[in-house]
Amino acid sequence: MTPFFWRAGLSSPLVLALLATPAATASGVSPVGPLGAGRVYYVDAREGDDDASGAAPGRAWRSLARASRAHLGPGDALLLRRGGRWKGTLTLKGAGTAARPITVGAYGEGARPMISGRAGDCVVVAGSRTRVSDLRAHDCGWAGFRVDGRHNDLRDVYADGNVAGVWVTERGAHNMIRNSRITGNDRMSVNDDVADNDSGAFGVLLNGDDNRVIGNLIAGSYAPSHDYVYDGAAVEVYDGDRNVVARNMARDNETFTELGHGPGGTAEGNLFATNVVISSHRRGSFLITRGPGHGVGPVEGTVAVGNSVYLTGRHTIGVSCADGCSGDILTLRNNVIKVGGPVGFEDGKGIDDAGGVYDGRRGRFSPGRGSVRADPRFRSRHDLRLRPGSPAIGRGVPLGPWWYGGAAPAVDAAGRPIPRSTNPDAGAYQY
């Protein structure tokens with residue numbers, strides 16, 4: 001991790017559910033349509049005209065610049081024609097309400113609308129209460145989707161070929177990124193011979209507070225690095241507090257998550273729950289955090305609960321809590337972690353751990369209360385559900401809803417309830 005230089009076989013049940021979203025309804029309009037009786041504007045890259053009203057498919061606008069000037073308010077919708085391709089930036093500045101959000105999506109038939117171009121970020125969500133769906137941001141200048149606003153909802157979007165698939169800036173708070181495909185964001189923004197400054201290949205980069213990253217496929221955040229050999233993260237947290245990252249499928253990223261903050265900043269209280277993390281790369285890690293002795297620490301109050309991890313490479317590590325680790329820095333509950341390298345590293349007072357199953361080279365990590373070192377007996381390296389006789393069955397400690405992100409029912413990666421009053425199974429899947 002660096003301070004970012006200021007800019008800072010998919011066969012599991014979870015992935016199959018994520019990819020089952022239909023391309024369009026029978027009417028040819030995006031499944032996430034406008035809510036309320038607002039105005040609807042259309043954008044057509046091939047047959048549109050910026051001098052038209054934009055108020056009907058036959059009177060659609062043509063350019064992103066014209067669409068970005070639309071004065072969108074509560075209940076309004078902006079729809080891009082499927083099969084269309086644009087270069088540039090779509091900027092969304094309007095403010096919806098909780099009852100009548102702004103909707104941005106697609107209409108017609110064919111491939112989802114694609115925005116690309118390295119002149120800047122492709123989709124900038126600067127307003128509030130905006131729901132964005134069905135768009136693809138590919139090969140953009142830095143971020144595919146940049147979220148500067150509050151209470152926005154990105155669902156079923158695609159981001160690929162960027163430095164950061166989705167970037168929630170320091171101004172972005174209380175946003176949701178869910179049920180989306182964030183893959184192959186494998187470019188570095190800094191990759192030079194200056195020591196310890198390389199940065200890039202982020203699936204999701206969180207610089208803001210109180211955001212939720214739920215139920216996404218995040219894959220291929222993995223890029224060569226002059227400083228680190230390879231770098232990248234499915235979800236990177238830098239200067240972000242109280243973010244919840246849950247029920248995501250992460251595949252072949254360099255790191256699942258790495259946390260830190262700049263001078264005067266914090267990265268406190270971030271939660272990682274019931275994620276499935278798989279990689280066949282020879283290098284990689286699940287979670288990297290730091291104590292007060294590190295330049296981007298201390299990172300306080302990180303919690304990882306009910307995650308299933310299988311990293312096959314010899315140069316992999318499960319968790320690392322260095323430079324003054326303690327239970328105030330990292331708490332682990334009910335995780336199942338199998339790696340080809342050391343299962344963990346801790347120093348100082350060590351990690352607060354309970355109810356886990358760990359399999360890997362010994363490293364410098366002592367499992368805590370009720371945890372064991374044993375083969376978790378995953379079904380396969382691509383399917384981390386448990387086989388009969390797994391030591392993870394009934395291994396976990398009972399936990400309340402806070403541990404899973406709030407008052408909503410605690411569910412596993414397949415949507416099954418997690419027992420609260422009895423010992424649950426460790427890992428992301430209940431047997």
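Biologist: What makes F272 buried?

Modeller: F272 has a relative accessible area of 1%, and buried means under 20%, with exposed over 50% and partly exposed in between (1.4 Å probe, protein chains only); F272 therefore counts as buried. This is a predicted model, in which local features need pLDDT of at least 70, side-chain atom pairs count only at pLDDT 80 or more, and totals for chains, interfaces and linings use all residues. Residues are numbered from 1 along each chain as its sequence is written, and side-chain values use heavy atoms, with hydrogens and water left out.

Biologist: Why is the pair of Y310 and F378 called tilted?

Modeller: The ring centres of Y310 and F378 are 5.9 Å apart and the planes stand at 35°. Rings of Phe, Tyr and Trp (its six-membered ring) pair if their centres lie within 6.5 Å; planes under 30 degrees apart count as stacked, over 60 as edge-to-face and the rest as tilted. The pair of Y310 and F378 is therefore tilted.

Biologist: Which parts does this pair tie together?

Modeller: Y310 lies in strand β31 (residues 308-311) and F378 in the segment after β38 (372-373), so the pair links parts 68 residues apart in sequence. Strands (E, at least two residues) are DSSP runs, numbered from the N terminus.

Biologist: What makes the charged end of R112 sit over the ring of Y158?

Modeller: The criterion asks that NZ of Lys or CZ of Arg be within 6 Å of the ring centre and within 35 degrees of the ring normal. The charged end of R112 is 3.7 Å from the centre of the Y158 ring.

Note on methods: Helices (H or I, at least four residues) and strands (E, at least two) are DSSP runs, numbered from the N terminus.
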